[in-house]
Amino acid sequence: MSPADSAPVSANSPEAKAPPAAFGKGFVLDAWYFVALSRDVAPASLKRHELLGEPVLIGRTRGSKEGAGQVYALRDICPHRAAPLSAGRLVEKPGEGETIECCYHGWRFRPDGVCAAIPSLVEDQAYETDRIRVRSYPVRESQGMVFVWVASDPRNPAEPDQEPPVFPGVVGGEARLVEWMDFDAHIDHAVVGLMDPAHGPYVHQQWWWRSEHSMHEKAKAFEPREQGFAMVRHTPSSNSRAYKILGGAPATEITFRLPGYRWEHIQVGEKQVLALTCLTPISETRTRITQIFWSDHWVFGIAKPFLRMGVVAFLQQDGGMVNLQNEGLRYDPALIWIDDADKQAKWYQQLKREWIRSRAEGRAFANPVKSAVLRWKS
């Protein structure tokens, strides 16, 4: 551990003015989080999610013949008696438009969270129903995915000052392969586990990937990117056999971006593969890992069942290691971060601290990552 990583913080420094960002605690706020694929949010659907420890209803209006309905996100708690709004139904009453009707007492809420009606009121009982609101989250559909903006101040949320990330390589129509798994881990541990380059030969020991006996020294160039960093485009390592099924001369670039997106964009001539991993914090101790693949490469039409088996195996192996790691984390031990294999993990922590600090101080985010060549064995 270098002195710079453990230096004390001055009481007058900018870092001291921002909220603490201890590793394994807290979340990146004022950020877009992936919650679902667009195709999985059907018209008139009401589905309960949990996001950063809060219940969130993701729904879609019925729409029209001309197009799909509007996606919306609301806090999944009726303010009357706390019943989940997702247990209700989408209805349409004269003069109200489409509303979410609570299953308990029939209170109806518009997709923007404003109360439209309280059926129990009689004619001479004046009550301003539109003063009652359920928290509404900004939501966007982009590249076939649904993103929810989680603001730092839920009582006075500002409109998002940025749009969801746009990923390269979303080709070939809809996603070709999607798998997900919930890990019993804070998102910080899930992120650093995802970007850890040294665990592969020990955790992912498949004949088609790599083994402890094939380990050799590697040197990869990294550079800062928007809200993150990238391992710049390169030829895959010789002991990563899975790339061989793509044929040709594949070149890959691996990028990380806050709050929890990691993608690998592979180019083989004119063909592309995008492997996008979205980390969505369910709570302080649970994170959903969603792995999504797009491609216009012929291999996804022939070898899709085998590719799915590989993705599932990776997720299960990582999930098993998380459970083992939790046995040690129960005792809140100090963790040792070493160069260069753990440099990406340290960059993530610096990015998270700077994001929290910049939002607290109302200034532009300054990426702390510097271009570097990292070396490790795997």
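**Reading the rings and the interior**

Author: Of the 378 residues of the protein chain, 49% count as buried. The model is a predicted one. Its secondary structure comes to seven helices and 19 strands.

Reader: How many aromatic pairs are there?

Author: The count comes to 13 aromatic pairs.

Reader: Why is the pair of F23 and W337 called edge-to-face?

Author: Two values matter here. A pair of aromatic rings is described by the distance of the centres and the angle of the planes. The ring centres of F23 and W337 are 5.2 Å apart. Rings pair if their centres lie within 6.5 Å. The planes of F23 and W337 stand at 80°, and planes over 60 degrees apart count as edge-to-face. So F23 and W337 form an edge-to-face pair.

Reader: What makes this pair a tie between parts of the chain?

Author: F23 lies in the loop between α2 (14–17) and β1 (31–37). W337 lies in the loop between α6 (304–329) and α7 (343–361). The pair therefore ties together parts that are 314 residues apart in sequence.

Reader: Why does F23 count as partly exposed?

Author: F23 has 22% relative accessibility. Partly exposed covers the range between the buried limit of 20% and the exposed limit of 50%. So F23 counts as partly exposed.

Reader: And W337, buried or exposed?

Author: W337 has 16% relative accessibility. Buried means under 20%. Therefore W337 counts as buried.

Reader: Why is the pair of W32 and W149 called edge-to-face?

Author: The rings of W32 and W149 have their centres 5.3 Å apart. Their planes are at 65°, and the edge-to-face class begins over 60 degrees. So the pair of W32 and W149 is edge-to-face.

Reader: Which parts does the pair of W32 and W149 tie together?

Author: W32 lies in strand β1 and W149 in strand β11 (residues 145–150), so the pair ties together parts that are 117 residues apart in sequence. Both W32 and W149 are buried.

Reader: Which residues form one aromatic cluster?

Author: The cluster is formed by F34, F147, F167, Y261 and W263.

Reader: How do you know that R288 lies over the face of W180?

Author: R288 is at 4.1 Å from the ring centre of W180. The distance limit for a charge over a ring is 6 Å. R288 lies over the face of W180.

Reader: Why does R257 count as buried?

Author: R257 has a relative accessible area of 7%. The limit for buried is under 20%. So R257 is buried. R257 belongs to strand β15 (residues 251–257). Leaving aside neighbours within four places in sequence, the contacts of R257 are Q162, E163, P165, E226, Q227, G228 and W263.

Reader: What lines the largest cavity?

Author: R257 is one of the lining residues. Others include D30, W32, Q162, L258 and W355. The volume of this largest cavity is about 60 Å³. A search of the whole structure finds one cavity of 30 Å³ or more.

Reader: What makes A175 buried?

Author: A175 has 11% relative accessibility. Under 20% means buried. So A175 counts as buried. A175 is placed in the loop between β11 and β12 (177–183).

Reader: Which residues is A175 in contact with, leaving aside neighbours within four places in sequence?

Author: A175 is in contact with R39, I292, F293 and W294. The C-alpha atoms of A175 and I292 are separated by 6.5 Å. Along the chain, A175 and I292 are 117 residues apart.

Conventions. Residues numbered from 1 in each chain as written. Predicted model: local features only at pLDDT ≥ 70, side-chain atom pairs only at ≥ 80, totals over all residues. Heavy atoms only, no water. Phe/Tyr/Trp six-rings, centres within 6.5 Å; stacked < 30°, edge-to-face > 60°. Helix = DSSP H or I, 4+ residues; strand = E, 2+ residues; numbered from the N terminus. Buried < 20%, exposed > 50% of the residue type's maximum accessible area, 1.4 Å probe, protein only. Lys NZ or Arg CZ within 6 Å of the ring centre and 35° of its normal. 1 Å grid on protein atoms, 1.4 Å probe; cavity = no way out; pocket = protein on both sides within 12 Å on 5 of 7 lines; lining within 4 Å. Points joined across faces, edges and corners; volume = space filled by probe spheres on them. Contact = heavy atoms within 4.5 Å.
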